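Take them one at a time and find each spot as you go.

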Amino acid sequence: MSKNELRFPKLMATKDQLTAAAGLGTLMELFDSSELKKEFIACLPARNSSRSAGSYFLALATMASFIYGHDCLEDLDEFRGDPSLKSLFSDKTVAARTIGDFLRDFDEQHLIKLNNFLNRQSRFVMKLFQEHLPEEYKPNELIVDVDSTSHEQHGEKMEGLAYNYKKEWCLDSQVSFNQMGLCHGFQLRSGNTKSGVDSEPLIRQSFNDEKTQVQRKFGQKDFFRADSAYCKQDVIKALIELGVQFTLTAHDGTTGWKDLLNNTGVHWQPWIYSEEELKKAELKKITLPKIEVTRFYWTPSWSEKQESKLVLPIIVKRTWNKEAEQEEQVSLFYNDGFEHQDPWDYYAVVTNFQLDTAIDRRDTATRSSEDEKQKFWSIQDVFTHHQRRGNSENFIKEEKYSYDLKHFPCLKLNANYAYGLLAMVAHNILRWVSVMTKPDKPHYSKKLRRRFIE
């Protein structure tokens with residue numbers, strides 16, 4: 001046969017029932033056989049009708065739809081004729097309209113319980129990672145990132161729809177992910193809800209475990225990262241009360257860090273690039289930007305009235321802006337408020353990390369055992385740690401595009417809230433499998449579905 005000729009397969013009729021979801025049963029069994037099952041069932045509204053498949057089966061069917069990659073609630077009807085799904089659910093596969101009725105059964109208490117279950121599920125999976133992953137991939141710390149995103153909708157009757165600051169007609173969600181990509185909590189709100197609003201309950205939920213404030217504070221294994229929308233009084237107070245180490249992008253309106261920087265005598269230190277970074281830049285024939293870092297201290301105005309006044313470090317990174325340097329016709333001030341004769345781009349972070357600019361944590365050969373015990377951080381290492389929070393945006397994209405939470409199916413806000421929570425439970429199942437099978441570079445859902453389900 002010539003190399004340029006196609007070999008067509010022979011097609012034959014068969015009465016055998018075929019499925020495109022052969023691996024889905026294994027993933028659902030993973031959840032069903034875990035100790036999480038009973039706790040999950042306790043979060044669901046009861047459906048006691050003799051004709052009903054039951055709350056647990058309805059919830060599993062919804063989660064199976066998310067894991068399979070359906071684009072909308074109506075796609076659930078595809079499962080009704082699938083032999084593997086009929087076998088999995090004992091011929092109790094249900095119509096999409098039944099799932100809609102089920103979602104509308106969720107009230108505030110069910111939503112709170114299911115949200116708390118997300119944190120429990122994430123911690124359960126993190127424990128398994130700690131027990132079974134190779135040593136270099138074990139999550140010895142918990143790093144929680146919180147952020148919000150909009151969910152643009154069409155129509156008029158859906159509860160909670162409103163225009164946000166981007167003029168999007170939408171709902172809004174606020175979600176917390178840890179560094180392994182597991183979801184600890186999810187909130188669905190009105191579309192005009194500002195980022196950072198009502199984040200304190202989500203933060204407390206994400207760090208709800210058996211640890212005390214003292215254990216977290218001195219154990220130094222619980223971290224929180226967020227953008228400037230979370231640089232506010234209730235968040236900072238909650239994190240300090242919990243004993244969590246945090247980094248928050250500094251909000252100038254809250255901290256006044258730009259005026260403090262201009263009015264404080266600071267010492268700038270050069271950013272030290274690693275040998276790997278220098279080699280990569282040399283290979284790509286690029287010049288790494290000139291960066292300098294410094295720190296000063298900030299006392300929140302609301303803490304000055306308290307018996308124990310807070311003093312928090314603000315660390316600042318400035319990057320040399322070549323374009324600004326070369327501009328000839330410019331205004332007196334940049335958009336960030338600094339004078340033109342200072343052509344740097346500034347970025348500031350509020351933190352409660354123990355800082356010591358004299359210690360470079362990468363230089364392990366010169367560090368004493370006392371330094372190791374106290375876990376001092378260089379300014380550069382704090383920035384490196386904080387900048388990794390950008391990975392949470394990948395999980396938000398995963399939530400919106402891989403689980404179709406860009407849109408919601410119901411008119412009632414609570415029903416859509418329940419839909420989003422079940423999507424996050426399904427996400428945690430897939431992420432569990434993803435990290436366990438490839439801890440060095442876990443696959444996202446699209447590739448994972450091709451590998452395990454189809």
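1. Let's start with a charged pair: Glu292 forms a salt bridge with Arg318, and their closest N and O atoms sit 2.6 Å apart. (A salt bridge here is a side-chain nitrogen of Lys or Arg within 4 Å of a carboxyl oxygen of Asp or Glu.) This pair links distant parts of the chain, 26 residues apart: Glu292 is in strand 8 (residues 291–298) and Arg318 is in strand 9 (residues 312–320). Helices (H or I, at least four residues) and strands (E, at least two) are DSSP runs, numbered from the N terminus.

2. Are Glu292 and Arg318 buried or exposed? Both are buried. Buried means under 20% relative accessible area, exposed means over 50%, and partly exposed is in between (1.4 Å probe, protein chains only).

3. A word on what you're looking at: this is a predicted model, where local features need pLDDT of at least 70, side-chain atom pairs count only at pLDDT 80 or more, and totals for chains, interfaces and linings use all residues. Residues are numbered from 1 along each chain as its sequence is written, and side-chain values use heavy atoms, with hydrogens and water left out.

4. How many salt bridges does a search of the whole structure find? It finds 17. One of them joins Arg225 to Asp145, with the closest N and O atoms 2.7 Å apart. Arg225 belongs to strand 5 (residues 222–226) and Asp145 to strand 1 (residues 142–152), so this pair ties together parts that are 80 residues apart in sequence. Arg225 is buried, at 4% relative accessible area, and Asp145 is buried at 4% too.

5. Now try Lys232, which forms a salt bridge with Asp234, the closest N and O atoms being 3.0 Å apart. Lys232 counts as partly exposed at 22% relative accessibility, and Asp234 counts as partly exposed at 25%. For a network of salt bridges, go to Glu35, Glu39 and Arg120, which are linked in one.

6. On to the greasy part. A nonpolar core is a set of buried Ala, Val, Leu, Ile, Met, Phe, Trp, Tyr and Cys residues joined through side-chain atoms within 4.5 Å. The largest one has 103 residues, and Phe31, Phe40, Met63, Phe186 and Phe224 touch the most other members. Helix 17 (residues 413–437) gives this core its largest share, 16 residues.

7. Which residues does Phe40 touch? Leaving out residues up to four places away in sequence, its contacts (heavy atoms within 4.5 Å) include Phe31, Tyr56, Met63, Leu114 and Leu422.
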